[in-house]
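Student: I have a chain open on my screen and would like some practice in reading it. Could we go through it together, one question at a time?

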Amino acid sequence: MVTMQTESHSRSTWATVFFASIVVLTLGLGIWQWNRAAEKEALRSLGETRAQAVLNLPAWEESSGQPPIQAQDWNRQVTRMRGRWLDRATVYLDNRAESGRAGVHVMSLFQLEDGSLAWINRGWYPKAPGRSDPSYSDFRDGRLALPTNGSSTVELQAIALIDWMTRMELSADPESLRDGALWQNLDWPTARALADKTASTTRIWPLVFWQTSEADDGLIRAVPAFKNEDVSKHLGYAAQWWLMSLAAAWFAWRFRPSRPFRSSGSQDSTQ
């Protein structure tokens with residue numbers, strides 16, 4: 001009898017500990033999902049705020065090795081920029097579709113009035129996939145869809161983005177992912193080296209600016225639409241975790257040991 005009571009007490013204790021741990025775990029998961037919802041809501045509000053205000057990119061002092069802003073602090077910001085396009089500093093990000101058509105994103109190097117450099121995604125240009133395009137050699141040599149303003153000063157408006165829309169790469173060899181000016185993705189080290197070679201400066205903004213202002217260059221502005229940050233699913237997950245927490249708390253209470261077990265010998269000794 002004593003052995004059975006001891007085993008029952010032990011099982012109840014372990015069951016209580018198990019369900020109590022489930023309570024702690026599901027409470028934490030619910031809080032995590034709640035915080036994710038709050039983070040996405042903050043990003044959505046921030047994106048809306050930055051989309052409504054057009055700001056000039058701050059000047060980058062020549063003596064400073066670091067940009068005057070952090071990239072994440074300028075993400076999604078509508079930006080006004082003034083400077084000039086650099087000759088023969090255009091590359092194409094291949095296999096970018098627009099309205100079901102194959103093409104490229106045209107990336108051109110822009111030098112601001114303070115001398116710093118920025119990569120501008122000027123828009124989308126049609127190109128057949130792979131090497132089948134009749135103008136393939138012109139793409140490879142960087143001769144198509146070049147800026148039409150020459151070296152004159154221009155003012156443009158763009159949206160700054162941290163995300164470079166990287167496509168999956170099937171090779172670990174960077175050289176195989178580039179054919180002249182045709183690149184599979186924006187290879188940032190190579191882009192920095194090209195900028196330094198073109199303008200002899202390492203002051204290059206760690207963002208890609210997607211041009212939104214119109215220009216007579218025949219390109220289609222392909223600025224990616226901002227996704228509405230879905231917070232409802234995170235709130236739903238949080239509610240599910242907390243319901244599980246309540247259920248586990250009930251089972252922990254249900255299986256709790258009724259009272260500490262004392263053997264008959266200890267009971268006799270107290271009489």
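Student: Is glutamate 113 exposed or buried?

Tutor: Good place to start! This is a predicted model, in which local features need pLDDT of at least 70 and side-chain atom pairs count only at pLDDT 80 or more, while totals for chains, interfaces and linings use all residues. Residues are numbered from 1 along each chain as its sequence is written, and side-chain values use heavy atoms, with hydrogens and water left out. Buried means under 20% relative accessible area, exposed over 50%, and partly exposed in between (1.4 Å probe, protein chains only). The relative accessibility of glutamate 113 is 58%, so this residue counts as exposed.

Student: Which arginine does the side chain of glutamate 113 meet in a salt bridge?

Tutor: A salt bridge is a side-chain nitrogen of Lys or Arg within 4 Å of a carboxyl oxygen of Asp or Glu. Here the distance from N to O is 2.9 Å, and the partner of glutamate 113 is arginine 82.

Student: How many residues apart are glutamate 113 and arginine 82?

Tutor: Helices (H or I, at least four residues) and strands (E, at least two) are DSSP runs, numbered from the N terminus. Arginine 82 is partly exposed at 40% relative accessibility. Its place is in strand β2 (residues 78-93), while glutamate 113 lies in the loop between β3 (103-112) and β4 (117-126). The pair links distant parts of the chain, 31 residues apart.

Student: What separates glutamate 39 and arginine 36 along their helix?

Tutor: Their side chains meet in a salt bridge of 3.3 Å, N to O. Glutamate 39 is partly exposed at 42% relative accessibility, and arginine 36 is also partly exposed, at 27%. An α-helix has 3.6 residues a turn, so residues three or four places apart point the same way. In helix α1 (residues 2-52) these two are 3 residues apart, so what separates them is about one helical turn.

Student: How many salt bridges does the count come to?

Tutor: Side chains of opposite charge can pair when their charged atoms come close. Under the 4 Å rule, the count comes to 10 salt bridges.

Student: How far apart in space are alanine 238 and glutamine 33?

Tutor: Alanine 238 sits in helix α5 (residues 232-254) and is buried, at 0% relative accessibility. Contact means heavy atoms within 4.5 Å, and beyond four places in sequence alanine 238 touches Gly30, Gln33 and Trp34. Although alanine 238 and glutamine 33 are 205 residues apart in sequence, their C-alpha to C-alpha distance is 5.3 Å.

Student: How far apart are the end C-alpha atoms of α5?

Tutor: The expected span of a helix is 1.5 Å times one less than its number of residues. For the 23 residues of α5 that gives 33 Å, and the end C-alpha atoms agree, being apart by 33 Å.

Student: Which element has the lowest mean pLDDT?

Tutor: pLDDT is the predictor's confidence in each residue, from 0 to 100. The chain's mean is 83, and 84% of its residues reach 70 or more. Over residues 265-271, however, pLDDT stays under 50, and the model has 1 contact for them beyond four places in sequence. At a mean of 47, the lowest element is helix α6.
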